[in-house]
Amino acid sequence: FGISYLKLDLAERADLSGFEDVAVLKEWGYDAMSWAVAVGIIDSLRPDEYPNRGEVAVIMANFAKTYL
């Protein structure tokens, strides 16, 4: 979606080693989470839990504020 529809450059990455729960993050989601943290869309990790409605709203608002 980000690359093909919005033509975003998703190359920016953050160092996630400072997050205590990074070991739980699945390999397939690492790059996406690293990018989202790097650009300020997500500021914390909880890869072993589903986000609640409020957390999703903040993520969507951060994305919209940054890219739309």
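Which residues form one aromatic cluster? Trp 35, Phe 63 and Tyr 67 do. This is a predicted model, in which local features need pLDDT of at least 70, side-chain atom pairs count only at pLDDT 80 or more, and totals for chains, interfaces and linings use all residues. Residues are numbered from 1 along each chain as its sequence is written, and side-chain values use heavy atoms, with hydrogens and water left out. The points below cover aromatic rings, salt bridges, a serine and pockets.

**Aromatic rings**

- A pair of aromatic rings is described by the distance of the centres and the angle of the planes.
- Rings of Phe, Tyr and Trp (its six-membered ring) pair if their centres lie within 6.5 Å; planes under 30 degrees apart count as stacked, over 60 as edge-to-face and the rest as tilted.
- There are 2 aromatic pairs in the structure.
- Trp 35 and Tyr 67 make a stacked pair, with 6.0 Å from centre to centre and 25° between the planes.
- Trp 35 belongs to helix α1 and Tyr 67 to helix α2, so this pair ties together parts that are 32 residues apart in sequence. Helices (H or I, at least four residues) and strands (E, at least two) are DSSP runs, numbered from the N terminus.
- Phe 63 and Tyr 67 form a tilted pair, because their ring centres are 5.3 Å apart and their planes stand at 40°.
- Both Phe 63 and Tyr 67 lie in helix α2, 4 residues apart, which is about one turn of the helix.
- Trp 35 is buried, at a relative accessible area of 12%, and Phe 63 is buried at 17%. Tyr 67 is partly exposed at 26% relative accessibility. Here buried means under 20% relative accessible area, exposed over 50%, and partly exposed in between (1.4 Å probe, protein chains only).

**Salt bridges**

- Side chains of opposite charge can pair when their charged atoms come close.
- A salt bridge is a side-chain nitrogen of Lys or Arg within 4 Å of a carboxyl oxygen of Asp or Glu. The count by this rule is 3 salt bridges.
- Asp 31 and Arg 13 form a salt bridge, and their closest N and O atoms are 3.8 Å apart. This pair links distant parts of the chain, as Asp 31 is in helix α1 and Arg 13 in the segment before α1, 18 residues apart.
- Asp 31 is partly exposed, with 47% relative accessible area. Arg 13 is also partly exposed, at 41%.
- Arg 46 forms a salt bridge with Glu 49, where the closest N and O atoms are 3.6 Å apart.
- Arg 46 forms a salt bridge with Glu 55 as well, where the closest N and O atoms are 2.8 Å apart. Salt bridges that share partners join Arg 46, Glu 49 and Glu 55 into one network.

**A buried serine**

- Ser 34 is found in helix α1 and is buried, at 2% relative accessibility.
- Not counting residues up to four places away in sequence, Ser 34 touches Glu 12, Arg 13, Ala 14 and Leu 16. Contact means heavy atoms within 4.5 Å.

**Pockets**

- On a 1 Å grid over the protein atoms alone, where a 1.4 Å probe is used, a pocket is an open set of points with protein on both sides within 12 Å along at least five of seven lines; lining residues have an atom within 4 Å of a point. Grid points are joined across faces, edges and corners, and a volume is the space filled by probe spheres set on the points.
- The largest pocket holds about 500 Å³ of space. Its lining has 20 residues, and Trp 28, Gly 29, Ala 32, Met 33 and Ile 42 lie nearest its centre.
- Helices α1 (27-38) and α2 (53-67) each supply at least two residues of this lining. The most comes from α1, with 6 residues.
- The lining of the largest pocket has 15 nonpolar, 1 polar and 4 charged residues. Ala, Val, Leu, Ile, Met, Phe, Trp, Tyr, Cys and Pro count as nonpolar, Asp, Glu, Lys and Arg as charged, and the others, Gly among them, as polar.
- The second largest pocket has a volume of about 320 Å³. Of its 16 lining residues, Ile 42, Ser 44, Pro 51, Glu 55 and Ile 59 are the closest to its centre.
- Helix α2 gives the largest share of the lining of the second largest pocket, 4 residues. This lining divides into 9 nonpolar, 3 polar and 4 charged residues.
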